[in-house]
Number of protein chains: 4
Amino acid sequence: MEKIRLGIIGGGIGSYIGKAHRIAACMDENYTLIGGIFSSTYQKSLELANNLNLDTKRIYEDIDSFIKGELALPEKERIEAVTIAVPNHLHYEIAKKLIENKFHVICEKPVTNTSIEAVELEELVKKNKVIFCLTHTYTGYPMVRQLKKLIEKDMIGKIQRVHAQYYEGCWNPFIHDKESRKGIWRFDPKKTGISCTMADIGVHAFNLIEYVTGLKVTSVLSDLNTLYDDNPLDVDGTVLLRLGKNIKGFLAASQIATGEENNLQIKIYGSKAGLRWEQINPTYLYYLQDNKPLQVLKPGYEYTSKFSVSSTRIAPGHPEGFFEAFANLYKGAAKAIRGQKIEEGEFPTIHDGVRGIRFIEAVVKSSKEGNIWVSV
Amino acid sequence: MEKIRLGIIGGGIGSYIGKAHRIAACMDENYTLIGGIFSSTYQKSLELANNLNLDTKRIYEDIDSFIKGELALPEKERIEAVTIAVPNHLHYEIAKKLIENKFHVICEKPVTNTSIEAVELEELVKKNKVIFCLTHTYTGYPMVRQLKKLIEKDMIGKIQRVHAQYYEGCWNPFIHDKESRKGIWRFDPKKTGISCTMADIGVHAFNLIEYVTGLKVTSVLSDLNTLYDDNPLDVDGTVLLRLGKNIKGFLAASQIATGEENNLQIKIYGSKAGLRWEQINPTYLYYLQDNKPLQVLKPGYEYTSKFSVSSTRIAPGHPEGFFEAFANLYKGAAKAIRGQKIEEGEFPTIHDGVRGIRFIEAVVKSSKEGNIWVSV
Amino acid sequence: MEKIRLGIIGGGIGSYIGKAHRIAACMDENYTLIGGIFSSTYQKSLELANNLNLDTKRIYEDIDSFIKGELALPEKERIEAVTIAVPNHLHYEIAKKLIENKFHVICEKPVTNTSIEAVELEELVKKNKVIFCLTHTYTGYPMVRQLKKLIEKDMIGKIQRVHAQYYEGCWNPFIHDKESRKGIWRFDPKKTGISCTMADIGVHAFNLIEYVTGLKVTSVLSDLNTLYDDNPLDVDGTVLLRLGKNIKGFLAASQIATGEENNLQIKIYGSKAGLRWEQINPTYLYYLQDNKPLQVLKPGYEYTSKFSVSSTRIAPGHPEGFFEAFANLYKGAAKAIRGQKIEEGEFPTIHDGVRGIRFIEAVVKSSKEGNIWVSV
Amino acid sequence: MEKIRLGIIGGGIGSYIGKAHRIAACMDENYTLIGGIFSSTYQKSLELANNLNLDTKRIYEDIDSFIKGELALPEKERIEAVTIAVPNHLHYEIAKKLIENKFHVICEKPVTNTSIEAVELEELVKKNKVIFCLTHTYTGYPMVRQLKKLIEKDMIGKIQRVHAQYYEGCWNPFIHDKESRKGIWRFDPKKTGISCTMADIGVHAFNLIEYVTGLKVTSVLSDLNTLYDDNPLDVDGTVLLRLGKNIKGFLAASQIATGEENNLQIKIYGSKAGLRWEQINPTYLYYLQDNKPLQVLKPGYEYTSKFSVSSTRIAPGHPEGFFEAFANLYKGAAKAIRGQKIEEGEFPTIHDGVRGIRFIEAVVKSSKEGNIWVSV
């Protein structure tokens, strides 16, 4: 099968996330990296291009010359899909231009800094009939997909409680050091928008809830914490959630959870059973029933769903991790780009982006206006 | 050393909690069970008395005859301390009479159904100079005590986030069955007061937070869930907490967390480190630091505090559990009754009872009045 | 029901094991401690007797006066059962005298230092029709009993592999210090017999294998390690096991497993499924099947066997530990002493003692004679 | 940097291991796949070549035409390194031809079926100065490398006990089914050589022991189990190990450990501390000390060694798994092929292959000759 010609905007030398995108793209042999704009200077972009043995004619100085250059090529050579891995506040403009010129887009989250921009992109995606994949990576884990399928198959009954947390400790030392806080983009409202923690990690937990339950969060009431009075953005918060009549729960996100790794957890309780998953041990899915032994499900086994099995690449018992989850999104997007039938939930779309931004805006509003309920 | 003469009100044949109290009382050889009122009928009380080889003269029909009978005995023979293990709504009257007659009291939680009653008991305890031990059993676990001591010793720095949950699945089948719900006292406001889940298990999480942090919860904002419209009391809820300037967190309690055991967890994050403990694996205490290996502390080792070591009875590596934690409260109360010096936190007092009832009242008010902040 | 009158030989002030026996004896209200010989000096025995409010007339200077004194009492007052908690090399003589005088015996393991002595005791037990309970405490854990029952019910099919380990680190510092090694009885062949580690902890693993599988170890081949040339007894070893045609496995025991707690583990694999249990997390039993989710069983639930449920004392979700396991042996012995019907495996008997000593002798012989197979 | 031109022999359409090699090769952007012989038929090889957009001129019918064809090309275009992923009994001949023609080789384990062949290859590798990488994948895990480094840095003192197991359940149903056993190459001595389980998985555990300890296993005594009399090869076994004066231990491997995943575990105990790692949770490394809290180390943190950190690709807290470990071997081999300085242990060499085969031969001999010690 012809590989999809991929461009990348961002993710230059020394960038973790750039490398992660390239690994995810190569893993299933669906994409071939052609070029893009890797760094803020053309010279540095060329350097990475050389390391990767790319044709330097396909390296551009800015988004406009990228579009112009690629459109000038015959369709069979032209880059088809473009990964956006630049800082958040630059997503909107780049994505807009790419979509309007019929490039498929694979975009880091959050999709934009405001829901107005996100909604605009959503409409453009529809109008231009391109594929837009938002990298909420955690939805790519096989056991997250299994969790989703078990709920779909009514294995837990009617949902009655939702519990999600995303705790992280790595920024804690910086938060406590006023000087170093100044130099970091995530603590700067000009670059990161109205929220730090909720936009960075809280929205992943939000996305996961809607992904696995199939429910929509209808309204939120939040209490955010900036920890220091001179710190403008939230570094911690708890959000009460309502997802329908008598379906309640919460989402907690914190970057002052000292010593925690990327501790994203989700627990969904239904009338018949409960399910629990956590990102730091992603190959374990816990199925809890009344008066029955706890069941621990693992990836790749026949007893899991087809969707989950197809999200693994090797025999059971060989742990897969973050890159493989990431690659599952690229794999889903490749199917969509090629016009193949995809499973519901194979990759997050622009609509997930819109939901995410609306969640962030609602959470910030609720906390600012005195912990009131705000609809999402 | 002379053993303390113990009476028990409640906990008759077939009662789990009665057996638990007797085990806790016997474990450290500080108490000798003399008599009491075990069941609602005298005949059944006598039956248990016979099983236990007790002198049936020390078995009474009601609290008044208990008091009269015991006061008639010489002080050296008289029951000194009385365990109250009857349903919640009967605590107040029995406790009041015992305290006024100078009996020490060991009482099941919640101490009373209203804070007015609890405060009255608190004043009586002070006036009559008796010992009052409230059985918040979880404070008796060695690793909970170690957690408390690590915070006291500034091992985590300034507290910045508090996270507590108490999830239970065993009542879930009954909650979904309208008929069986009717017959159970915990779902009946006449017997259990204004709250089901928060009063039953949420208050344990609340007590644990205040116990280990040494902080007071200043205000709460809650969202409770009755699940069914015809169910009068909460079976689930999340409570936002404030414990001082920029110290926030939450407490979640649920009896619709299907498949969960007594899953009480507490996580406290400070500026320097975090601590995590969970009741279903009570011999593990997790100490989390930035960029350092996770440390797992266990009971009985020299590296733990004196208070924690003295709360174990055997060499490290021999798991102890719920009864041993329970016995630690009895042990602390025995020291207090004998006028010995006790460690801060060796057993919960009537004041913990007052705090607990105030918490329950505040949580219910917050949820009823539209999820507003209520001070505790 | 009349309580069983209990005496204790050994376990004086400051003794962990003495306290453990008293806790185990009191927990189910079947025994009442009457007297015994607690310490090597009469004066110290009296001291503990006073602490425990015992009648000092029932405290004796030596085993002969104990027997004489008790036999002189009317049968209804006489001590019925006697716990032996003195050093190993004293077990034989005391047990022999007690059995010959019709006292029931509850004895610490190893029952004796040689199999000749053990066999003699076994015959005396039969002849005198007394109950003899050997405290292989680990067989008292509810999930060990559940493991046994699952095998009995053919839940794993035909047994095909047996794996047991008992690793301990607490003696490691002493083993490396020649001077301190000298003063410790367990490293002294005169007191502890022909083996240190195998007799101390290896035999527990051996007992557990035979207990849960219902199979007999037919022969062993071992390789023991003394670590230092001037250390006479084993501190570490691995034992190959044969339990029947094509049923093989091993048992590893080590007191130089630095940093390990009492890490006793057992894994039994059958043609259909496997089972795993470990003492440091005794409330978890793992049931492994091909291509099915792992199941985690916990104590007290209806889905476990009657025998397992009856070995717990409180509702599921309240962890029980070592003392409760110990008390289950006392409970079983009480039923036997009272002539009630007991479950197979409710407590280890003198026959388990004989098997254990034979195992130790076979293991030592195999290693000494050049790692050859020795039948048990 | 110029990418290394890679060929693959084996691993055609539908092959797990072929895909794993390609993922491992692409992950660090050091290799570019050029061609090879993917399947037993030329037509099927071409099919995969087309799927992967490879130049079909670089697809060959057999090893001789591969060598001839590639040698005919200018050196700058010629395939430099070749992955061997065909069944075991074909390794020797293919590897020999490749080495003699100066191709670097990346070879699946076991390197050959006899130690005579392995030694011959070792000599050829030396003579022809090519790089030979044997894919003992587990040595690529960051925490295995950390374990190795901690031992090197004397963090556990002198090694005194070694414990390794590799338990697997996936073949269990086939082993019990005589008919299906016949059709599987691993149970057929003609294809798999003198051993099934020890050659397949036992040797991984053996390799891991020598890798992390830096010690050599000097002699073995084994007891293997074929389970059925009509089954010619071992499916289970335990091996006693000696690694020097008073350094003992064992290795257990089983393919009748029903329900187990790829449960490879290693525990190394030294005079000062112990270390424990298991493959099914590969991001956890346990460091056990006497009387100190257990430490849990995780990948990517500054507190781990440079070697370990350089074996991860993303920030801490993002789980990596089997493919990433595999890719670490490819990364090490790439450095060696390019003549860069490599860390000791960056990839297993032909010498590890020789050791492995010698281990297998010794183990089989020991068991066959009556469980005697055989030197390795």
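I began with B:N291, which is partly exposed, having 13 other C-beta atoms within 10 Å. I kept in mind that this is a predicted model.

**Entry: B:N291.** I looked up where the residue sits, and B:N291 is in the loop of chain B between β12 (285–289) and β13 (294–297). Then I checked the backbone: phi of B:N291 is near 55°, which is positive, and the residue is not a glycine. I noted for context that most residues other than glycine have a negative phi, and that most peptide bonds are trans.

**Entry: C:E29.** My next stop was chain C, where C:E29 also carries a positive phi, about 60°, without being a glycine. I found C:E29 in the loop between α1 (16–26) and β2 (31–37) of chain C. Is C:E29 buried or partly exposed? I counted 19 C-beta neighbours inside 10 Å for C:E29. A residue is called buried at 20 or more, so C:E29 counts as partly exposed.

**Entry: the prolines.** I turned to peptide bonds and started in chain A. The bond from A:K109 to A:P110 is cis, and I read its omega as near -10°. A:P110 belongs to the loop between β4 (104–107) and α5 (115–128) of chain A.

I then opened chain B. Which form does the peptide bond from B:K109 to B:P110 take, cis or trans? I found that bond to be cis, with omega near -5°. B:P110 lies in the chain B loop that runs between β4 (104–107) and α5 (115–128).

How values were computed:
Residues numbered from 1 in each chain as written. Chains lettered and ligands numbered in written order. Predicted model: local features only at pLDDT ≥ 70, side-chain atom pairs only at ≥ 80, totals over all residues. Helix = DSSP H or I, 4+ residues; strand = E, 2+ residues; numbered from the N terminus. Buried ≥ 20, exposed ≤ 12 C-beta atoms within 10 Å, placed from the backbone.
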